[in-house]
Amino acid sequence: LQRPIQFSDLTKQEADMLRDGELQPLPFRDRSGRRVLVALGTFYMQYPLEMRIKVNLYLHWAISEDVETQQKGLVGVFCWPCGESA
């Protein structure tokens with residue numbers, strides 16, 4: 001990479017996918033000080049794999065810019081499948 005990935009690098013569909021909120025960091029940390037990333041719903045399975053990877057990479061890159069997250073890590077909470085179709 002020539003530079004870190006930025007939100008402006010995402011296409012409109014990828015940005016909309018991120019705004020859907022199926023994958024998002026919580027505004028607080030767990031008891032150990034780790035960032036909490038939550039995935040709900042279909043985990044973007046309705047989108048092409050390349051788009052899912054790009055959005056995931058962007059989100060993880062953005063989260064990892066924080067020094068405390070680099071030191072203490074990230075924990076994920078996944079609920080899949082989730083909702084009425086489960």
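Helices (H or I, at least four residues) and strands (E, at least two) are DSSP runs, numbered from the N terminus. By that rule, Leu-23 lies in strand 1, which spans residues 23–29. This is a predicted model, in which local features need pLDDT of at least 70 and side-chain atom pairs count only at pLDDT 80 or more, while totals for chains, interfaces and linings use all residues. Residues are numbered from 1 along each chain as its sequence is written, and side-chain values use heavy atoms, with hydrogens and water left out.

- Leu-23 counts as buried because its relative accessibility is 2%, where buried means under 20% relative accessible area, exposed over 50%, and partly exposed in between (1.4 Å probe, protein chains only).
- Leaving aside neighbours within four places in sequence, Leu-23 is in contact (heavy atoms within 4.5 Å) with Leu-37, Val-38, Ala-39, Phe-43, Tyr-44, Asn-56 and Leu-59.
- Between Leu-23 and Lys-54 there are 31 residues of separation in sequence and 13 Å in space, taken from C-alpha to C-alpha.

**Nonpolar core**

- A nonpolar core is a set of buried Ala, Val, Leu, Ile, Met, Phe, Trp, Tyr and Cys residues joined through side-chain atoms within 4.5 Å.
- The largest such core has 13 residues, of which Met-17, Leu-18, Leu-23, Leu-37, Tyr-44, Tyr-47 and Leu-59 touch the most other members.
- Two or more residues of this core come from each of helix 1 (12–19), strand 2 (35–39) and helix 2, and helix 2 gives the most, with 5 residues.
- Met-17, when residues up to four places away in sequence are not counted, touches Tyr-44, Tyr-47, Met-51, Arg-52 and Val-55.

**Salt bridges**

- Side chains of opposite charge can pair when their charged atoms come close.
- With a salt bridge taken as a side-chain nitrogen of Lys or Arg within 4 Å of a carboxyl oxygen of Asp or Glu, the count comes to 8 salt bridges.
- Arg-3 and Asp-9 meet through their side chains in a salt bridge of 2.7 Å, N to O; Arg-3 is partly exposed at 41% relative accessibility, and Asp-9 is partly exposed with a relative accessible area of 26%.
- Lys-12 and Asp-16 form a salt bridge at 2.9 Å, N to O, and because they are 4 residues apart in helix 1, about one helical turn separates them.
- Lys-12 counts as exposed at 65% relative accessibility, whereas Asp-16 is partly exposed at 30%.
- The side chain of Asp-16 also meets that of Arg-19 in a salt bridge (3.5 Å, N to O), and Arg-19 counts as exposed, with 57% relative accessibility.

**Surface patch**

- Patches are made of residues with over 30% relative accessible area and no salt bridge, where like charges are joined within 9 Å and nonpolar side chains (Val, Leu, Ile, Met, Phe, Trp, Tyr) within 5 Å.
- Leu-49, Ile-53 and Leu-57 form a nonpolar patch on the surface with about 300 Å² of accessible area together, the areas coming from the Shrake-Rupley method with a 1.4 Å probe and, for residues, only the protein chains shown counting as cover.
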